[in-house]
Amino acid sequence: MTDTRSTCPYCGVGCGVIIESEGAQITGVRGDPEHPANFGRLCTKGSTLHLTASAAVTMQTRLLQPMQRLQRGSAAASVPWAQALDVAADRFARIIADHGPDAVGFYVSGQLLTEDYYVFNKLAKGLIGTNNLDTNSRLCMSSAVAGYKKTLGSDAPPSCYDDFKDAQCLFIVGSNTAWAHPILFRRIEDARRANPAMKIVVIDPRRTDTCEIADLHLAIQPGTDVMLFHGMLHLMLREGWTQPAYIARHTSGFDALERTVRDCTPDQVAKVCGIEPSALIEATRLFANSPSTLSLYCMGMNQSSSGTAKNAALINLHLATAQIGKPGAGPFSLTGQPNAMGGREVGGMANLLSAHRDLANAGHRAEVAALWGVADVPAAPGKTAIEMFQAAADGEIRALWISCTNPAQSMPDQATVRRALERCEFVVVQEAFATTATCAYADLLLPATTWGEKVGTVTNSERRISRVRPAVPAPGAARHDWSAVADFATRLEARLPRRAPGTLFPYTLDDPAGAQAIWNEHRETTRGRDLDITGLSWALLDTAGPQQWPCPEDQATGPATGPATGRSLGKARLYEDGVFATPDGRARFHNAAYQPVAEARDERFPFSLNTGRLRDQWHGMSRTGTLGRLFGHVPEPLVQMNGQDMARLQLGDGDLVQVSSRRGALVLPVRASTEVGPHQSFIAMHWGEEYLSGQSSSGERIAGVNALTLPVFCPDSKQPELKHAAVRILKAELPWSLLAAAWLPADRLQATREALRALMARFAFASCVPFGAGGALQGGAAERSGVLFRAAAYEAPPAALLMEIEALLGLASDETLRYADVRRGQRRAMRLVRNASNAQEAQLEGFLLAGDTRAEAWIKTLLLDQLPAQSFGRQLLRPGATAPAGVAARGKVVCSCFGVTETAIATTLRSGTGSESERLASLQAGLRCGTNCGSCVPELKRMVRMTASEIASTPVPVAATA
Amino acid sequence: MRVNKQKLVLVGNGMAGVRTLEELLKIDATLYDITVFGAEPHPNYNRIMLSPVLAGEQTLDEIVLNPWSWYEDNHITVHAGRKVVEVDRVKRIVRAVDAQGDVVEAPYDRLLLCTGSSPFMLPVPGKDLAGVIAYRDIADTLTMIDTARTHRHAVVIGGGLLGLEAANGLMLRGMTVTVVHVNAWLMDRQLDRVAGDLLRKSLEERGLKFRLGAHTQELVGNEDGRVKAIRFKDGSEEMADLVVMAVGIRPNVGLAESMRLHCDRGIVVTDTLQTVTDARIYAVGECAAHRGIAYGLVAPLFEQAKVAANHLAEMGYGRYVGSLTSTKLKVTGIDLFSAGDFMGGEGCEEIVMNDPFGGVYKKLVIKDDKLVGACLYGDTVDGSWYFRLLREGLSVAQIRDQLMFGESIPHDAGQPHA
């Protein structure tokens, strides 16, 4: 077995992982105990990474050969790399020649490595001469970037993870850290344990699991953050809680802001934000008067039509109270993606240039042109993500190169995005997975390496650069993104007018040395910049471990002598000297008035729709979606609503509702949730058409959650408002329903899901998800997975379609019990399999319920919990929701690591005694839940609080007095 | 006791006729002087229980329905082993002969013809060889039992109800049995293909062999004039020391025709079971054709018997309007039930259930919200319930979703919760 140190490909925490491999096969993963982001810990997603790299998953889901589609809608055929890249170069060259360089666009990803990004940037801006290069970081961090630059002068989170332990007050704003950044949440829990006096305030319209640790939760109305922060500043001024000396010495622009916040009285804030004035005062007191206040924030702030203003308004508070530039204080933006930071460092966005240089700055342009050895770089700002797809939909952009991202899932207003992809003359999709929605629109599919295979570097939320190292060779013909792009670039170079004496891409392709050469070139561009890393090298990163920037040549001690692991060379914290990255060294207060959400609720669309992450899934789920076990926590797509709203609309849990916005509609089940306030709703961002779809009223395939979201973006950051859309929610009258599920062998699971996915658009509503049980952490029990298909329609579909579903799920077998009443649209099939060891016992291997699906309540339990089913016989085919005796549901999985269910936890809790922490401890000791990755601990705490102990609540019998 | 009673003569001492007498006696035992002629030298026995006798599960004594004492107790004159050869409708006299050729005559006021039916023998070469028999009566049953003691190979032609029962009995008596059936699946008059195939599999597991879709060319005899093989149209052969033909029955209408009663498939009768030609003469059972149907099952005969008796007793209000028939196979361990229009067709809807684990298949046929047919294999517990629903013709719209799961399921179990 070989160990390889690398990083986790999921969120921006940037955890270090040790990949275990044997030969060309990844066999395990564990947290890197020496990585300063996680010190050996991993979350549910990270600790199952190796399972997503199994041979079975690779064979069924990965793109392994370049593929060309000669006609849209037809099957793609494999072509050799050279031919594929020549085709791409020909098409791009022709379009550039005919329509100019701005007729092409590159849409890349915060999940690419810095080296990949660098080559893309050089290709677009250096060779082609267009700034039409943007990334999905636009949907993720661009408001944080704009907020930092407008106030502190530089795109640099000033804090570090170590600040958690020094903070006396933690402000968590618009971030469900417990789910989206689990390892950071572990560190927050540690800090709270070490310092019980630490106060934690959570600001979020939703009562998420993160609120479990909070002393105070402000459930503000969506999009009212700026009003809240202005109101806090108003209070600070009123109470004399600001630091006038700091403001005077280190900042500018406070007077204008002061005038703006004058109107933001507590009453006004309470009204707009929907909170109690007392809560506002308490939050303000904590923020201003704590010795150190650290803000952590994420998409709730960024994905907004006033995202920059929100970021800046929060930073205003830190500047006004001098809560910055010291341990445990500062505005700390948590990055969504693993390398959104690295992408910005190389300037991989439509408005940026290398090393945090600005496109709008002629001097910066000249510097970059000089570094690259070209005459100039284009001055006109490129199209940002939303603008790029709008331009493609309008016919302005004619060729798109999409790399490592899935816009047909993740971009808002899918109708426009899909129109763009359809209209575009030539679409290249460079992907590791062949299963993403965007792949269907590609003329050319280029197989990319992915986690465990890639080589390069990434930068995490705290400006820390880690090396990414390959544990196994690339499968099939997959190539590193930088290598394929550089190869394409040299071919394009030959077809375009000469820009430089030699090639702009002199890298050794298909060799790690190429990546290192690119990185070295990038390093040189940072010289003298705020992110100067000239003091670092790959060799140093290998010996000293991951390092934070800036780390200029004179600061680093040069090549390490002797063992230097864990040594910190870069700067942990910025602005400790009060000198900011602005021309005058002063931070600038940003004065922006509160703006409501772009699309307010009204009579026609009376609900707010919020979107966000689930605990155990990542983005479009091309990777996490391959593992049944990661669906234990949230098994199927649903929309959460407040119970009161549901009662008013006469909706019950599990009812299908149609959620519609001005842009599209989608059908899915509804569930009451105490997390969501009145007039609000929530759908997880992961549910794209790969998992949640159906046929729209106009006959098109429904594009998942982003059929609803709106493309309106922040004027400064150009980040779209994915966090708020006005929607209408009505009961969906789809009388015919279908539920089918089956355990499947690993080598057929993914392919089966893909085949079922193709059938989703045949129903008004359909969802298709894997499920799982067992696993390595549960005492070596075999990992088993299956697929669940749910659908609904106005009337029963043709029997042939149901037979197709049955065949895919292995139900077309001699061992299948069946019931069919075609006229009534009723069809039920149950596949029982006798135990190999005991023929008297049998288990349900798969089932289909069509028409009357109420038996789901117990049939699904029989299947998922693998209960003995031999005694039920034909009772399995019975209609109705009433189970024969002996079927007890296990409930949903709370702890994914050990597969501990809600029911088991509640049962244990009822017999426990003692304080809440004692009961939690005995729960963890008894069931092991929450003792591995800890991601479920907030939920366990909530359950401890909510589940009264039976022992405690049982009245003590009073002895009879005779 | 009444004097100058009317005379009732019954021709055919079988189940249909004697049941009619029983029904009549229940209503009025004093109305008639009754005389019975029977060709077989036995009292009335339960013909449909011959299969269990063949299978060795019951004895002949056990299947006698009306012992000689019953006739005596009811003052009925019996002429067993005497075959009626002539009826003079003008003089109203029945004339019979016995084995010795002696003639017996009996006058009648009312005549009840229950001559039953005869097995149909395939008109193939060799059909008259020794060892080629039908399966109809006690004599055939005894022949089969005897043959099983001395011979090895049996072929049953006809995969219907009777043929399978014969085959099963012969197999249980130690013979190697092949069932030859012209259609693609067994019991095609009572079962659909799925059920027929299940039945074949089950019987194969018990040791029976089958030649389906097989056309018999001829029966081959040995030098002793006994059958030794069956030859098919495709030229193949199967060894056969015994050939039992069970390919259907023909109503015995020879006597009626000689009486110039109108016959068409059977003796044509009215809703009171009187012949359309002569109102004094009744026909009940397999020999009668009512509304174009000659029934070959026991349940319709009993229903006819009731109506005929009612009319004979001068009650006059009974009407026979036809029967819905149902079938059960009397092979121990195999439960099947078939009733009504089990094949469905135009305007029919089917509800189907299949349980390969339990070896159960059920099909219900519904037309205009009424149950019109049922075919059950492996679990026939609900057969009588379905048959009741079928006969009563009530709407099953409200219980349709539970119908398949039997009467025991509360009917509200499947209704949506309010």
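## Questions on a predicted model

Q: Over residues 1-57 of chain A, how far apart are the end C-alpha atoms?
A: This is a predicted model. Over residues 1-57 of chain A the chain is 5% helix and 35% strand. The end C-alpha atoms of this span are apart by 21 Å.

Q: Which feature does UniProt place at residues 1-57 of chain A?
A: The record is an unreviewed entry. For residues 1-57 of chain A, UniProt gives the feature "domain: 4Fe-4S Mo/W bis-MGD-type".

Q: On which side of α10(A) do the buried residues lie, the same side or opposite sides?
A: Helix α10 (residues 254-261) of chain A has A:Phe254, A:Leu257 and A:Val261 buried. They cover an arc of only 65° around the axis, so they lie on the same side of α10(A). In general, an α-helix has 3.6 residues a turn, so residues three or four places apart point the same way.

Q: Which exposed residues does the face of α10(A) turned away from its buried side carry?
A: Exposed means over 50% relative accessible area. On the face of α10(A) turned away from the buried side, the exposed residues are A:Asp255 and A:Arg259.

Q: What is the bridge partner of A:Gln658 in β29(A)?
A: Strand β25 (residues 656-660) of chain A pairs with β29(A) in the antiparallel sense over four bridges. Strand β29 (residues 725-731) of chain A also pairs with strand β23 (residues 607-612) of chain A, antiparallel over three bridges. There, A:Leu609 stands opposite A:Ala725. For A:Gln658, the bridge partner in β29(A) is A:Leu730.

Q: Is B:Ile27 buried, partly exposed or exposed?
A: B:Ile27 is in helix α1 (residues 15-27) of chain B. With B:Met315 and B:Tyr317, B:Ile27 makes a nonpolar surface patch of about 320 Å². Its relative accessibility is 38%, and therefore B:Ile27 counts as partly exposed.

How values were computed: Residues are numbered from 1 along each chain as its sequence is written. Chains are lettered from A and ligands numbered from 1 in the order in which they are written. This is a predicted model: local features need pLDDT of at least 70, side-chain atom pairs count only at pLDDT 80 or more; totals for chains, interfaces and linings use all residues. Side-chain values use heavy atoms; hydrogens and water are left out. Patches are made of residues with over 30% relative accessible area and no salt bridge: like charges are joined within 9 Å, nonpolar side chains (Val, Leu, Ile, Met, Phe, Trp, Tyr) within 5 Å. Accessible areas come from the Shrake-Rupley method with a 1.4 Å probe; for residues, only the protein chains shown count as cover. A salt bridge is a side-chain nitrogen of Lys or Arg within 4 Å of a carboxyl oxygen of Asp or Glu. Helices (H or I, at least four residues) and strands (E, at least two) are DSSP runs, numbered from the N terminus. Buried means under 20% relative accessible area, exposed over 50%, partly exposed in between (1.4 Å probe, protein chains only). Two strands pair if DSSP finds at least two bridges between them. UniProt positions are given in the numbering used here, feature names are shortened, and annotations may be inferred rather than shown by experiment. The arc is that of the directions from the helix axis to the C-beta atoms.
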